[in-house]
Amino acid sequence: MNLNPSNFVPLHPFRPLQFMAGTKKIQSALISVFHKDGLEPIVKELRRLGVKIYSTGGTQKAIEAAGVSVEAVEDLTSYPSILGGRVKTLHPKVFGGILNRSEVDSDGQELEEYSIPNIDLVIVDLYPFESTVAGGAPHDDVIEKIDIGGISLIRAAAKNYRDVVIVPSRAEFGFIEELLRDRNGESTEEERRKLAARAFNISSHYDTHIFNYVNTAEVDALKLSEQASRTLRYGENPHQQGYFYGDFDDMFEQLHGKAISYNNLLDIDAAVLLMNEFKEDDPTFAILKHNNACGLATRASLEEAYKAALAGDPVSAFGGVLITNRPINKATADLIHELFCEVVIAPSFDNNALEVLKGKKNRILLHQHHWEVKNRQVRTALNGFLVQERDAKAESEKDLRVMTKKVASAQEINDLLFANKVAKHTKSNTIVFAKDRQLIASGTGQTSRVDALKQAANKARAFGFSLEGAVMASDAFFPFPDCVELAGNEGVKAVVQPGGSVKDQLSIDYCDQHQMAMYFTGVRHFKH
């Protein structure tokens, strides 16, 4: 895929080009659109230029209602629209008019022999399949929104772009209106080629969504298509180009700040997935850096949650991404404003809070509309792609299986579940310490679990935390009892882990000997 930024041009207005060889003027048009808005000024320009218009069904009625004469496709083909409108334009007199090549003499002879008109402008707007699926329509209604004639017209006109102008969606209505009004319908071959590229982009996107709807795992294939895109300032580093494909504005409204970067997006993604675990909890605040939580706490008030989250690692919080599950008020905003942070995400901000947080011109403020994210994860690997289901498993108290003589208290159980959620969203290998629904410290992305534990313990001490009475969570099992020994020496009283090591019993025995509680979840949460 060529990701040169010069290939990404805005849909409106279409970039004007100098005239060159291959310039053509429109003489006849076929129009078949689902959405009729924006069509009237186009057909009135066609009338002004004396262009013959062919159409059918609702589009024909809309053109006639605009006071513009139109010839019915049924009159051209001598066949009516049949099968409840499923077959209208699929006829040689239509497709022959589109696909004939002006430089091939025999094509012109066949047009004359069979009384086929030459068609050099095709305007289409497809049935809204994607939005019909998104709206939860019944299956039969979705199937009826699979456009057959329209997609065929788009492909035919795009294939023959040397002779035909294809307008494949409402997004290009502005271009064709301008072309007709300002240039009397004259287009260059290069412009027609660019429109053809857009046409095939629309047709392939359309077919991808149909395939993904109809296919229920019978066909093992990966098909992805995103129409919305934005060019980023750069990629992970300034020497790398970066792009985002997806509808960011569906999920967020950016209220303030600089353009969002590639690394911002990775941190925002990690933040949303982490806070999704706490969205129904009491006020919760998280601070992330390089996709990992460096602070997280749940409290009775948002201000207290923020202060407790920041206390977990006020050094790493510098330049971090902040997210909460509650609207941000002015009191919390005043606290946040003291910290240099890249991004603040919340379900909403009150007006006074916004005024405070906008005090830093580059600080990105995001109003989060919803929590819905893709349930598949896709990443490149070698010469292909890795695809997996998102780790959506969320353990609750009923998933905890006590393995020791000692049973954790109700508060410790809450802390174990809290720590386990954090561990799930932290780079492996990880160890997480928590107490009173506060992240005390974590070891992140270490090559051994012992190193992760030592890193977490050292960090806790560095910021004045005692691990006495804390709990510990691990994203994977303990292959040896050394981790629980080290944790026990620090004062940890309860441990949660997946279990599954052939030497699980050694860790269990140590806990029993030192009055520690241990719970197994049976679920590993590696994150790489």
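**Chat: cores, salt bridges and a surface patch**

User: Starting with V122, what is it in contact with, leaving aside neighbours within four places in sequence?
Analyst: In this predicted model, V122 is in contact with L30, I98, L153, A157, V164, V165, I166 and V167.

User: Which nonpolar core has V122 among the residues with the most contacts?
Analyst: The largest one, with 51 residues. I31, L46, I98, L121 and I176 are also listed with V122 for most contacts inside that core.

User: What does the second core include?
Analyst: That one is separate and has 41 residues, among them I260, L400, V496 and Y519.

User: OK, switching to charges. How many salt bridges are there?
Analyst: The count comes to 26. One of them pairs R170 with D37, with the closest N and O atoms 3.4 Å apart.

User: Where do R170 and D37 lie?
Analyst: Both are in loops: R170 between β6 (165-167) and α9 (173-183), D37 between β2 (28-33) and α1 (40-48). So the pair ties together parts that are 133 residues apart in sequence. R170 is partly exposed at 36% relative accessibility, and D37 is partly exposed at 47%.

User: And R183 with E191, buried or exposed?
Analyst: R183 counts as buried at 18%, and E191 counts as buried at 1%. Their closest N and O atoms are 2.7 Å apart.

User: What about E226, which residue does it form a salt bridge with?
Analyst: K374, with the closest N and O atoms 3.1 Å apart. E226 lies in the loop between α10 and β8, and K374 in the loop between β15 (364-368) and β16 (376-381), so this pair ties together parts 148 residues apart in sequence. E226 is partly exposed at 34%, while K374 is exposed at 56%.

User: Which residues do salt bridges with shared partners join into one network?
Analyst: E177, R181 and D182.

User: New topic: which residues make the nonpolar surface patch?
Analyst: L222, L224, V378, F385 and V387 make a patch of about 430 Å². L224 sits in the loop between α10 (189-214) and β8 (229-231), and at 52% relative accessibility it counts as exposed, since the cut-off is over 50%.

User: Last one, helix α12. How far apart are its end C-alpha atoms?
Analyst: They are 21 Å apart, which agrees with the 21 Å that its 15 residues (262-276) should span at 1.5 Å a residue.

User: Which residues in α12 are buried?
Analyst: N264, L265, D267, I268, A270, A271, V272, L273, L274 and M275.

Conventions:
Residues are numbered from 1 along each chain as its sequence is written. This is a predicted model: local features need pLDDT of at least 70, side-chain atom pairs count only at pLDDT 80 or more; totals for chains, interfaces and linings use all residues. Side-chain values use heavy atoms; hydrogens and water are left out. A nonpolar core is a set of buried Ala, Val, Leu, Ile, Met, Phe, Trp, Tyr and Cys residues joined through side-chain atoms within 4.5 Å. Buried means under 20% relative accessible area, exposed over 50%, partly exposed in between (1.4 Å probe, protein chains only). Contact means heavy atoms within 4.5 Å. Patches are made of residues with over 30% relative accessible area and no salt bridge: like charges are joined within 9 Å, nonpolar side chains (Val, Leu, Ile, Met, Phe, Trp, Tyr) within 5 Å. Accessible areas come from the Shrake-Rupley method with a 1.4 Å probe; for residues, only the protein chains shown count as cover. A salt bridge is a side-chain nitrogen of Lys or Arg within 4 Å of a carboxyl oxygen of Asp or Glu. Helices (H or I, at least four residues) and strands (E, at least two) are DSSP runs, numbered from the N terminus. The expected span of a helix is 1.5 Å times one less than its number of residues.
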